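Please read this report alongside the sequence and the three-dimensional view. The sections below take up strands and sheets, then the core, then the surroundings of the ligands.

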Amino acid sequence: MTKSFDLTDGSVVVVIGSGAGGGTLSNELAQNGIDVVCLEAGPRLAVGDFRNDEAYMFKKFTWLDPREGSGDLSKKFPAFLCKTVGGTTTHWTALSLRMREHEMRARSTYGEIEGAALTDWPLGYEELSHYYAMAEDKMGVAGTHDMPRLPANNHFMLMNAGAMQLGYPNAPTANLAINSISRDGRAPCQQLGFCKSGCLMQAKWSTLYTEIPKAESTGHFELRPESMVVNIEQGADGRVTSVIYEDSNGDLVRQKARAVAIAGNAIETARLMLNSKTKQCPDGLGNQNGLVGRYYMRHVFGRIAALMPGKVNMHRGIIQAGSLEHEAHHDPKRGFASGYHIEVAAMTPETLARNLLAHEGWGSRLTDVIEQYAYFAGAIICGEDLPRSSNRVTLHTDRKDRYGQPIAHVHYEYDDNGNAMHEHAMRTTENIYQALDAKKTYRFPASSATHNLGTARMALQEADGVCDPHGQVFGVPNLYVSDGSVFPTAMTANPTLTIVALAMRQAVHLKQQMSGRVL
Ligand SMILES: Cc1cc2nc3c(=O)[nH]c(=O)nc-3n(C[C@H](O)[C@H](O)[C@H](O)COP(=O)(O)OP(=O)(O)OC[C@H]3O[C@@H](n4cnc5c(N)ncnc54)[C@H](O)[C@@H]3O)c2cc1C
Ligand code: SF4
């Protein structure tokens with residue numbers, strides 16, 4: 001049942017973005033009878049538009065509007081996220097891990113670290129665990145509840161065997177939001193290995209074919225694709241009244257709103273808040289303390305490839321079948337706070353070749369190595385980085401995008417803690433492959449972030465953050481943030497399960513606020 005709401009209908013909740021945060025929130029609200037208009041900058045693809053071809057789908061999915069990076073980020077492509085209905089859940093690799101309890105108390109656990117704005121999360125682990133369980137059930141996370149684990153492919157078995165040679169215990173395949181059995185009207189995984197190209201089987205959870213159509217079936221939801229929000233308007237009483245977006249014809253349109261929830265993925269969320277300058281908030285919505293865009297985190301990240309003596313065939317099966325969590329704990333004796341995961345991560349021949357170029361140079365040495373693609377293994381490291389005020393999203397002073405809006409400038413540099421963790425993690429990963437007689441290992445840079453967090457951090461009080469513990473923006477009673485921007489610290493795990501859990505929690509809160517006529 002496709003619903004259409006009037007532009008002057010000020011009773012609707014406007015959700016900006018249809019990915020992990022926005023798609024989930026939209027469906028949760030619509031299931032509870034709350035009218036939602038979801039504005040998504042990207043187009044709506046059908047599963048039939050997917051092709052098992054990463055390079056082809058990259059062009060279809062990816063946010064290619066300009067951004068600028070500095071520090072340890074790529075200048076031209078500082079972050080990798082998608083501009084399409086379903087957001088980056090069309091492209092993600094579905095590792096769905098919970099935050100550890102001690103990570104929620106980062107300040108209390110790690111103590112004071114120079115330059116790091118560490119803080120404890122302003123909510124309890126028990127409460128979050130309740131929503132983790134609901135999120136795992138929604139997403140069908142294999143390895144949790146009644147969902148059987150997915151089988152290991154050769155690529156993960158190899159990594160696990162290397163780790164065991166070093167004395168680490170046997171590790172199961174990861175918790176993945178990929179069907180191991182038919183579930184939720186979707187097929188089980190066929191181990192095709194094209195998870196980043198959209199999943200033709202729909203075995204991998206993506207809001208494109210789960211939350212969005214479910215929301216539509218309620219009659220309380222309208223999706224407007226190719227609708228790029230450029231401004232959020234605020235009334236004299238401090239409440240936001242409407243959003244302005246550019247539609248597919250290039251026309252500027254105003255949609256009235258009862259409440260607005262931004263889920264544009266942390267860089268775009270901060271940019272939109274900073275670009276929405278109003279009489280009451282001349283430096284951008286929620287930016288009265290200059291905190292919007294600050295404390296940007298992207299995880300301590302690195303990529304390793306190893307040339308093994310036997311065939312690995314890393315392209316076969318789920319791209320990120322397993323994650324080793326043996327170094328995820330906090331042990332300051334290693335020379336850094338917090339910990340990291342080592343995650344198996346298959347690369348296409350094209351990605352491998354592009355990265356090897358820097359090591360082998362152009363010519364026969366490079367082609368000789370590429371010919372051995374079947375013998376390569378790949379991994380990424382993903383560790384907790386610490387929030388720093390200087391790592392931040394700001395508006396570019398003179399460059400604008402095609403919508404006439406200042407583009408985002410993203411500055412990010414590792415600190416001493418991050419550098420020490422990075423070195424430890426890369427060395428451990430190399431040791432794992434060398435324990436199985438790797439002929440050679442290669443370190444590749446990871447200068448485009450895939451996890452974007454922290455730019456509108458939540459806090460108990462306004463002086464310390466942009467949002468309250470429910471994601472409500474301080475000083476703007478009906479404006480919410482519904483993505484990883486609200487994370488006050490980054491945790492070790494990949495973020496999406498936590499984003500979904502928080503969106504589900506926020507939906508409960510919004511419903512209560514609306515029933516109580518607070519909103
Ligand atoms: C290669 C890759 C692999 C990944 N694998 C994993 C993994 O294994 N596990 C994990 O936990 N995470 C993974 N991630 C990260 C994961 O995809 C993100 O954490 C998650 O999708 C973020 O959800 P979100 O709702 O914040 O943003 P998104 O899912 O990116 O959705 C944001 C949406 O908002 C839209 N938007 C932005 N600005 C506007 C605007 N102004 N107006 C209208 N629409 C707007 C965008 O077009 C986009 O569709 C991966 C990411 C990448 C790139
Ligand atoms: S390996 Fe599984 S999740 Fe990945 S694309 Fe194939 S069917 Fe989908």
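## Strand E12 and its partners

Strand E9 (residues 300-307) is joined to strand E12 by eight bridges, and the two run antiparallel; helices (H or I, at least four residues) and strands (E, at least two) are DSSP runs numbered from the N terminus, and two strands pair if DSSP finds at least two bridges between them. Within this pairing, the bridge partner of Phe 301 is Cys 382 in E12. Strand E11 (residues 340-344) is also antiparallel to E12, with five bridges between them, and here His 341 has Cys 382 as its bridge partner.

This is a predicted model, in which local features need pLDDT of at least 70 and side-chain atom pairs count only at pLDDT 80 or more, while totals for chains, interfaces and linings use all residues. Residues are numbered from 1 along each chain as its sequence is written, and chains are lettered from A and ligands numbered from 1 in the order in which they are written.

One open sheet has three strands in the order E5-E6-E7, with antiparallel pairing. E5 and strand E7 (252-256) stand at its edges with a single partner strand each, so one side of each is left without a neighbour in the sheet. Neighbouring strands of this sheet are turned by 25° against each other on average, direction ignored, where axes are lines fitted to C-alpha atoms, for helices over the stretch in contact, and angles run from 0 to 180 degrees between N-to-C directions. E5 and E6 pair over six bridges in the antiparallel sense, with Glu 246 in E6 as the bridge partner of Met 228. These two strands form a hairpin with five residues between them, and Gly 238 in the turn has a positive phi of about 90°.

Another open sheet of three strands has the order E3-E14-E13, with mixed pairing. Strand E3 (68-71) and strand E13 (392-400) are its edge strands, each with a single partner, so one side of each has no neighbour in the sheet. E13 and strand E14 (residues 406-412) pair in the antiparallel sense over five bridges, and Thr 394 stands opposite His 409 in E14. Helix H7 lies across E13 and E14, running at about 65° to E13.

## The core and a buried loop residue

The largest nonpolar core has 157 residues, and those with the most contacts inside it are Val 13, Val 14, Val 36, Leu 176, Val 260, Ala 261 and Ala 377; such a core is a set of buried Ala, Val, Leu, Ile, Met, Phe, Trp, Tyr and Cys residues joined through C-beta atoms within 7 Å. Helix H11 gives the most to this core, with eight residues.

Thr 455 has its place in the loop between strand E15 (440-444) and strand E16 (479-481). Is Thr 455 buried or exposed? It is buried, because 33 other C-beta atoms lie within 10 Å. Thr 455 and Ala 270 are 185 residues apart in sequence, yet 6.1 Å apart in space, C-alpha to C-alpha.

## Around the ligands

Of the 41 residues around ligand 1, Gly 17, Gly 19, Gly 87, Gly 264 and Asn 494 come nearest, a residue being near a molecule if its C-beta atom, placed from the backbone, lies within 6 Å of it. Helix H1 (20-31), strand E5 (228-234), helix H7 (266-275) and helix H11 (496-515) each supply at least two residues of this shell, and H1 gives the most, with three.

Around ligand 2 there are 13 residues, of which Cys 189, Leu 192, Cys 195, Cys 199 and Lys 204 come nearest.

Key
Buried ≥ 20, exposed ≤ 12 C-beta atoms within 10 Å, placed from the backbone. Contact = placed C-beta atoms within 7 Å.
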